[in-house]
Structures are given as structure tokens and as C-alpha cells.
Amino acid sequence: MGEIPAEIIERAAVNEFNRIIGQDHRLSSGVNVMDKGPVLDGHVYVYSNGQTRKNDDLRFALDVQVKGYTQEFGRKGPRYSFKRSWIEYYSRNDGALFFVVEMNNDATEVKNIYYRSFTPVEAKIALKGFREKAQSKTLKLQRLSKNGLFSLMNTFYEDGSVMNRSTPIVALDEIKELKDVSVSFAHGVSPMMAASDEIRVMGIQDGLRVFVDLSDALDFSLITSKATKVSFPNGVVLEGVWNVSKSEVTLNIGDSVELLFIIQGDGGTLTINWDFPQ
């Protein structure tokens, strides 16, 4: 059999994507294979009530792009070549969820569906990884879990509200003092396997909520004192004891709370200052 036309591959990918959307009545697809745009392929509408799907039940709509893939992934696992122009568009606007439908070589059988999240902040970080004149770059994909699409849509929407095109991005060496720190991971990523571009560190610096760019960081090490006081938002203050080993750090708070940190390598220092109001 000769090479399958791109049009057939794209049609098969969109049909599979719409099939998955149709399994959850809280979701409605606005992706049409005959009406694909130059960057975005359409929208997915997310409802709070999957039974009625009235206009009053519409929570939000997300931009999506859907591609078909009929080749074998390499040793590094699921990856896809993204055009610079796509990611530049995501960074300037509201971002997008990018889906890759993996199929056999004649596009008749679906193997898996993968995705990559591009909030505007994530798009800007991805662009930093492009070589100066490169027009494309291969990036890692995450596998979409069974029945995980609704959760992914909600996570992307929530992430986009704080990782939008107006969110300041600061490098590690630009941090003076970071307060009210939050650390999260890209949807579907195991904390133990997360790469630097899959870790989201945000905090308050100079009165603004900022996103910390970890793309230039190779490793982290946690440097702490061995005893500290931990203040909670409700005013309770408990003694905390640090136990440090070569590969992990635990913080025992009071008699019942234990926080475990896994550390690797001999990298720089990231200091986190918790500033709970009393």
C-alpha cells in the first residue's frame, strides 16, 4: 500500500477525537474535519450539566488542535514535532490543548491518544527551547488516560486562569524573595518523573503572582535548617523537625504530619518562604 494521504489521516484523527468527546455528555465538540483552521481545529465546549446542556450550563470553551500520527515513536517515547508558528500563536492568545491520535500505518486502527498542554505561559517556555532559526521542535507528549478528557479540560482551564499571557515569567536567578509558593505538575505527570518544563512553580514577588521558569535548571537540592516552626493559616504554630539524607528530606510537623521531598544531584538552591497570615 502506498503512502496514506494526509487528508485521510487527519479525518481519521478528528473522527476518533469526536468519538471520545461523544462518550461524555458534559463535553461537546466543535471540531469539524471539513472546517479546520490554519492553527486551531476548533473548540470543545464544557458543560456543568451533561443532561440538558443548556446555554446556562456552559462553563467554558477551549481551543484545540488535533493531529493524526501513523509512524512509530522512537526510543524516547511519544513525541511530536511542533511548528514555531503554532506555539507563537498559543503564547499570544489563550493557549490550546494539542492532541495527537496515534494510528497504525494505514490509519484504520487507533492505538492511543496523546496530548500536550499549551497555556500561554507553557507556550512561552516552550519557545525558549527553540534554536534561533529553527521552525519546529520535537516535544514530549502525555498519554490521555481512559475517561480522563473531562479532567484534562478542567485542569487546562484552571491552569490557564493563572498561567495566562499576562503572567510574568521570572528565571531562578531573578528571584529575590518568593512568597505564597505553589508547586504543581502538568496534568498526568508523575512527580517522580517530571521534567523541568512539567513542574509549575508560582509565587508572589514584588506584589505580583509570577511563574518561575525552570527550563535552565538541571537539578535541585533542598537546603534547610534541622528545626523550625511551622505556622498554619488558622494561627496554629507547631514544631517541625527536618531529617536530611542523601536522596530525600522529610519534615515532621507535630505528631501526625510528614512531608517528603525527593532530591537529586547537586544543583542550585531554591528557597521557599511560606508567609501565612496570622
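The protein chain has four helices and 18 strands, where helices (H or I, at least four residues) and strands (E, at least two) are DSSP runs numbered from the N terminus. The model is predicted: local features need pLDDT of at least 70, side-chain atom pairs count only at pLDDT 80 or more, and totals for chains, interfaces and linings use all residues. Residues are numbered from 1 along each chain as its sequence is written, and side-chain values use heavy atoms, with hydrogens and water left out.

**Exercise 1. Describe the chain as a whole.**

Step 1. Of the 278 residues, 40% are buried; buried means under 20% relative accessible area, exposed over 50%, and partly exposed in between (1.4 Å probe, protein chains only).

Step 2. The accessible surface is about 16,300 Å², and carbon and sulfur atoms account for 48% of that area. Such areas come from the Shrake-Rupley method with a 1.4 Å probe; for residues, only the protein chains shown count as cover.

Step 3. Among contacts (heavy atoms within 4.5 Å) between residues at least 6 apart in sequence, 58% join residues at least 24 apart.

**Exercise 2. Identify the residues and elements that build the largest nonpolar core.**

Step 1. A nonpolar core is a set of buried Ala, Val, Leu, Ile, Met, Phe, Trp, Tyr and Cys residues joined through side-chain atoms within 4.5 Å. In soluble globular proteins, nonpolar side chains tend to be buried together.

Step 2. The largest core holds 29 residues, of which Phe17, Leu27, Leu97, Phe99, Leu149 and Met153 touch the most other members.

Step 3. Elements that give two or more residues to this core include helix 1 (6-22), strand 5 (96-103) and helix 4 (149-162). Helix 1 gives the most, with seven residues.

Step 4. A second, separate core has 20 residues, among them Leu40, Tyr69, Ala123 and Leu141.

**Exercise 3. Classify the aromatic pairs Phe17–Phe99 and Phe82–Phe98.**

Step 1. Rings of Phe, Tyr and Trp (its six-membered ring) pair if their centres lie within 6.5 Å; planes under 30 degrees apart count as stacked, over 60 as edge-to-face and the rest as tilted. By this rule there are eleven aromatic pairs.

Step 2. For Phe17 and Phe99, the centres are 4.9 Å apart and the planes make 50°, which is a tilted pair. Because Phe17 belongs to helix 1 and Phe99 to strand 5, the pair ties together parts 82 residues apart in sequence.

Step 3. Phe17 counts as buried at 2% relative accessibility, and Phe99 counts as buried at 0%.

Step 4. With ring centres 4.6 Å apart and planes at 65°, Phe82 and Phe98 are therefore edge-to-face. Phe82 lies in strand 4 (residues 79-83) and Phe98 in strand 5, 16 residues apart.

Step 5. Phe82 and Phe98 both belong to one aromatic cluster, whose members include Tyr69, Trp86 and Phe118.

**Exercise 4. Is Arg200 buried or exposed, and which side chains form polar contacts with Arg200?**

Step 1. Arg200 lies in strand 11 (residues 199-205). Its relative accessibility is 4%, so Arg200 counts as buried.

Step 2. A polar contact is a pair of N or O atoms within 3.5 Å; within protein, one must be able to donate a hydrogen and the other to accept it, and residues adjacent in sequence count only if both atoms are side-chain atoms.

Step 3. The Arg200 side chain makes such contacts with the side chains of Glu122, at 2.3 Å, and Asp159, at 2.9 Å.
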